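Okay, everyone, let me get the model up on the screen.

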Amino acid sequence: MSGTPLPWVLRAYLGLAGKLAPVWRRGLERRLKRGKETPRSVRQKLGSEYADRPEGTVVWGHAVGVGEAMALAGLFARLAPLRPDCSFLLTTTARTSGDALKRTGLPPRCQHQFAPVDTPEAVARFLDHWRPSLALWCEMDLWPALIAGTDARGVPRVLVNARLSPESLAKRRWGRWLYQALLPGFRDLFAQNEATVEALVSLGAPRERITVSGTIKSLVPALGCDVDELAAWREALGARPVWLLASSHPGEESMALQAHARLREQRPDALLLIAPRAPARGAEVAALADNAPLRSAGAQLPTEAPVYVADSIGEMGLWYRLAPIALVGGSFAQVGGHNPHEPLALGCTVLHGPNVWNFSESYERLDSLGQSQQVQDVDDVVRSVNAVWAMRREPDAAALVDPQAEAVITRVLSHLPG
């Protein structure tokens, strides 16, 4: 788009977006009253507060969800030692993403702030302040005014970790004219699989600029945790055998509890940690487990109870360090699975159910390398957990990162000045 007249659909969008600034402001004020924003996040989204811009080259990456933000943080962590002259800015739209980045820690020379609302005025203030030399979009959170403003300033743009299922493609077809205006301006587009390549092409992306890269979520650095908390838990657990149901959904807890009852017939002191994907379900999960100790209710350390419900946010780094084996949820429910790379990075053996389409390429590769294992039912879970308890093995660190994801780093570097 740079240097050429804007397509009519983008001109229409920008004209409407300019008139919606009061609507954005009222919406943010309502969210602030409900606790979904902070005064600082509102000011940043409206473009009235920024951190100081560092000198030199700034690489900017934008994400929406926690997983995407952590993936960009992992990418920046790999870029930082290769380009010590660069600083990094990571923007998110969701408060939960910003909170997660603060808890886990940002890469060297990296700052976080909330992305501006998608009005030309807020976008202009944001871009005039930060003056990025390269813009990375993670997955498909594409805001037209933000992209148009970036393009108008001649900032090269790269799309990473794109993934489009048939369902998400169908939802985006209503806005295909906008996508046809936005996607051709990306210098490089990295798709997680071939199906996404075809979906991007159907939305207007130039096929010759698209590369299948797998998921860059394999670059995510190991999740952090409170070292004092970890030491206290390890002392309290002693030699108890532990396993974890991570990011669970309704129905998956019942299956894990059945398996745990079987495991306790052989190891009566065994402990099952359950970390529900939605912490708000903590009390519900605890009730399923005969009123198990609940993190949010003040159970800060394990008791002699057989189950502990870890209904907290931002503490997965603690639970993965305590359990040598993790059954990753969302893989028996019709959810599509969750990220296997986070537990693997902390030494967990990963089990998963059959429904892993969100990470199908990752699980297929990791299963073939023996780094993860599909289980079908309670019997499989019992056998696999017992096997890990009997013979602990460390994951192959070299196998954890998708080689295709590593190639993204080289290509991103090629778009930086100098």
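So, H4 passes H19 in a right-handed crossing, where right-handed means the near helix is turned clockwise from the far one by less than a right angle, and left-handed means anticlockwise. This is a predicted model, so local features need pLDDT of at least 70 and side-chain atom pairs count only at pLDDT 80 or more, while totals for chains, interfaces and linings use all residues. Numbering runs from 1 along each chain as its sequence is written, and side-chain values use heavy atoms, with hydrogens and water left out.

Back to that pair. H4 is residues 66-79 and H19 is residues 403-414, and their axes come within 10 Å and cross at roughly 65 degrees. Helices here are DSSP runs of H or I with at least four residues, strands are E runs of at least two, and both are numbered from the N terminus. The axes are lines fitted to C-alpha atoms, for helices over the stretch in contact, with angles from 0 to 180 degrees between N-to-C directions. H4 and H19 are therefore roughly perpendicular to each other; that label covers 65 to 115 degrees, with under 35 roughly parallel, over 145 roughly antiparallel and the rest oblique.

Which residues of H4 and H19 meet? From H4 you've got Leu75, Arg78 and Leu79, and from H19 there's Glu406, Ile409, Val412 and Leu413; contact means heavy atoms within 4.5 Å. That contact divides into 5 nonpolar, no polar and 2 charged residues. Nonpolar is Ala, Val, Leu, Ile, Met, Phe, Trp, Tyr, Cys and Pro, charged is Asp, Glu, Lys and Arg, and the others, Gly among them, are polar.

Next pair: H2, residues 21-33, and H3, residues 39-46. Their axes come within 10 Å and cross at roughly 165 degrees, so H2 and H3 are roughly antiparallel to each other. The crossing of H2 and H3 is right-handed. On the H2 side we have Arg25, Leu28 and Leu32, meeting Pro39, Val42, Lys45 and Leu46 in H3. By class, the H2 contact with H3 has 5 nonpolar, no polar and 2 charged residues.

Is glutamate 253 buried or exposed? Buried, with a relative accessible area of 0%; buried is under 20%, exposed is over 50%, and partly exposed is in between, with a 1.4 Å probe and protein chains only. Its side chain makes a polar contact of 2.7 Å with the side chain of serine 248. Glutamate 253 also has a side-chain polar contact with arginine 281, again listed at 2.7 Å. A polar contact is a pair of N or O atoms within 3.5 Å; within protein, one must be able to donate a hydrogen and the other to accept it, and residues adjacent in sequence count only if both atoms are side-chain atoms.

Arginine 109 isn't a glycine, but it has a positive phi of about 60 degrees. You'll find arginine 109 in the loop between helix H5 (95-104) and strand S3 (110-114), and at 35% relative accessibility it counts as partly exposed. Asparagine 161, not a glycine either, has a positive phi of about 65 degrees. Asparagine 161 is in strand S5, residues 157-162, and at 0% relative accessibility it counts as buried.
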